[in-house]
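Please examine the structure shown below. The briefing that follows is arranged by topic.

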Amino acid sequence: MAEADLIQVKNLVKYFPVFTRGILLKKQAGFVHAVDDITFSIRRKETFGLVGESGCGKTTTARLILNLIGPTKGEIFFNGKNIINMFNSSKKEEKLKLRRKMQLVFQNPYGSLDPRMTVYDIISEPFIIHKHVPKKEWKERVYMLLKQVGLEEYHAERYPHEFSGGQRQRICIARALAVEPEFIIADEPVSSLDVSIRAQILNLLGDLQKTIGLTYLYISHDLSSVRQISHRVAVMYLGKIVELANADELFDYPLHPYTEALIEAVPIPDPKTKEMKIILHGEVPSPINPPSGCRFHPRCSRAQEKCAEKEPMLEELKKDHLVACYFPLID
Amino acid sequence: MEDTILSIEGLKTYFFTEAGVVKAVDGITFNLKGGESLGLVGESGSGKTMTALSVLRIVPKPGKIIEGKIIYNGTNLLDKTEKEMLQIRGREIAIIFQDPSASLNPVYTIETQLGDVIRAHENITKKEATDRIIKLLELVGLPEAETRMREYPHQFSGGMKQRVAIARALACEPKLLFADEPTTNLDVTIQAQMLELLNELKKKFGTSLVMITHDMGIIAKLTTRVVVLYAGRVCEIAKTDVLFERPKHPYTEALLAAVPRLDMKKTLQVIPGNIPNLIEPPSGCRFHPRCNYATKECEEEIPILEEIEPGHFVACHHWRDIKLKGEKEHLG
């Protein structure tokens, strides 16, 4: 167990049961393999990117880490402590303490702010719950938080509908910062924002990391923004991590055919770059009955018999570069 | 390049809401040549979708086209009767919308929906129509077209639905196709498949394409010429490679600098401020409150779109005086 790790996820599994509609009783028809045995760790003060297409289990992973849903199997450590046990057993105060350390910023800033609360109420609500700021200091603290995310004091008296998407996302970030967390999960924080506003929020996240030493789990399907903000990146496909490496290494020298296909599929905003080549055909298979062996094999150009039979393990092929593939792109 | 197929002159589409008049499209002028791929770039509220809807004359209420001309093949579409427009929509000019789940009717099969389009425009039997539909669906890469066309939209994945929507748009081989953010809801690998498909079909049918998007990557890969819109007005028109190499409008430059790139890490330049409210848009140049180069003149006078080199139009008072970053790189 490395000292530098803030979060450790070990063999995490989450299956969601699927039911068929019966006349009287529901019948269980199978499981959605949302997250299937993933292991990774997030170092202190780093931004860990999690990428993948819709349905690959990115958001489920985030919800598991925050214990918003319980895992089917596996362990999660925060600061070296097993938090699944803590959430299951310990007292309310203990849980609250733990909750204070981890916060979430959602994708949709229109849905995640209560329209009937002022910004002041929204940002000070965590103070009511966690009681970590004396009431006299609330106002001062709210103003400070607003300033930290690039808003003004007079914004405190306004309601969410008076703000644009980018400003709302700033409010969400201020609310997350109100409890002085160590760790923030940002789940697609810029995908619903306009292009000119995205850079503002990405830069804000970067600046906050530098000034208060936050650790992020940055979840997105937008590879360009992931590269921009992350130190290390994990690529997920159908509930599995298929590759994990430093951001530059991963995007410049991908080892897994799926990672390569993902990268190739992103159009580069420069007409001079080479033509896009499509390597990936078909669609992501159903997570209810995932393919045998390597889950990517039906769409993989390098697949051979072995791939369909036995699942490849995530192994360190180069230094700090893990990949789960029998025929990685090394030539 | 062939002749101009579509030319829009001074188009104004306003929305008369209770809160005031929203000037969604406020004097947009550009043209499109036959067989061309034109990109229409802008953020939300820039008027890119409303421009497309105006051309098809399907602007939703309380919106109204109040001024301008839309010349399609020599005639002004705004002078046509509704009956004449019915003949044009789908057959001459078609559109693919952003969200295929919303643009396909959930209670009809794919066969019925595509058949309706074909039989509205062509006098053919049901059997002939069915054969056409199968061919079309195979063309857009829908596997087992013959059986799957009897299914309903909810039985298809997002990517497949968008393929069906593309097939519907192309059913009567239109000469002009608007694609309004057709890949925004899709995953990147599916997006790549769609872009490839659009490109192929465009070549095959010789259709002119107007690609509406906010994604600079798609613009770079798919279009030959670009119109940049901001708050209902045109900022800049240029060939795609010229626009990326030496943008002349501060907004275009800022937009390019604000987009992260997958092939390199760079410092993201921030465009300060927010997108303006179109009920009371900023005076003069609408970008001036967010522009680094703005002066008093920009606040007071609306810049006109001028041609600064052949085929390169800019609406900015200061394009001559300011050295944009893109240009410096170009010179150095």
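Two bridges join β4(B) to strand β5 (residues 75–76) of chain B, and these strands run antiparallel; two strands count as paired if DSSP finds at least two bridges between them. Helices (H or I, at least four residues) and strands (E, at least two) are DSSP runs, numbered from the N terminus. This is a predicted model, in which local features need pLDDT of at least 70 and side-chain atom pairs count only at pLDDT 80 or more, while totals for chains, interfaces and linings use all residues. Residues are numbered from 1 along each chain as its sequence is written, and chains are lettered from A and ligands numbered from 1 in the order in which they are written.

**Sheet of chain B**

- B:Y72 stands opposite B:T75 in β5(B).
- The hairpin of β4(B) and β5(B) has two residues between its strands, and B:N73 takes a positive phi near 45° there.
- Strand β1 (residues 4–17) of chain B pairs with strand β4 (residues 63–72) of chain B in the antiparallel sense, over eight bridges.
- B:E9 has B:K69 as its bridge partner in β4(B).
- The order β2-β1-β4-β5 (chain B) describes an open sheet of four strands with antiparallel pairing.
- At the edges of this sheet are β2 (20–33) and β5 of chain B, each of which pairs on one side only.

**Helix α5 of chain B**

- Helix α5 (residues 126–139) of chain B has 14 residues and reaches 20 Å from its first C-alpha to its last, close to the 20 Å expected at 1.5 Å a residue; the expected span is 1.5 Å times one less than the number of residues.
- Its residues B:I133, B:L136 and B:L137 are buried (20 or more other C-beta atoms lie within 10 Å of the residue's own; exposed means 12 or fewer, partly exposed is in between, and C-beta atoms are placed from the backbone).
- These residues are on the same side of α5(B) because they cover an arc of only 95° around the axis, the arc being that of the directions from the helix axis to the C-beta atoms.
- The exposed residues B:K127, B:D131 and B:K135 are on the face of α5(B) turned away from its buried side.
- Packing against the buried residues of α5(B) are α4 (110–121), α6 (145–148) and α7 (158–170) of chain B.

**Contact between the chains**

- In chain B, 37 residues are in contact with 33 residues of chain A (C-beta atoms, placed from the backbone, lie within 7 Å).
- On the side of chain B that touches chain A, the elements giving two or more residues are α8 (188–205), α9 (216–222), α10 (240–245) and α11 (250–258) of chain B.
- α8(B) gives the most to that side, with seven residues.

**Nonpolar core**

- The largest nonpolar core has 184 residues, and those with the most contacts inside it include A:A174, A:V235 and B:V210; such a core is a set of buried Ala, Val, Leu, Ile, Met, Phe, Trp, Tyr and Cys residues joined through C-beta atoms within 7 Å.
- The largest share of this core, seven residues, comes from α7(B).
- Not counting residues up to four places away in sequence, B:V210 touches B:L32, B:L38, B:L40, B:A52 and B:F178.

How values were computed. Two residues are in contact if their C-beta atoms, placed from the backbone, lie within 7 Å.
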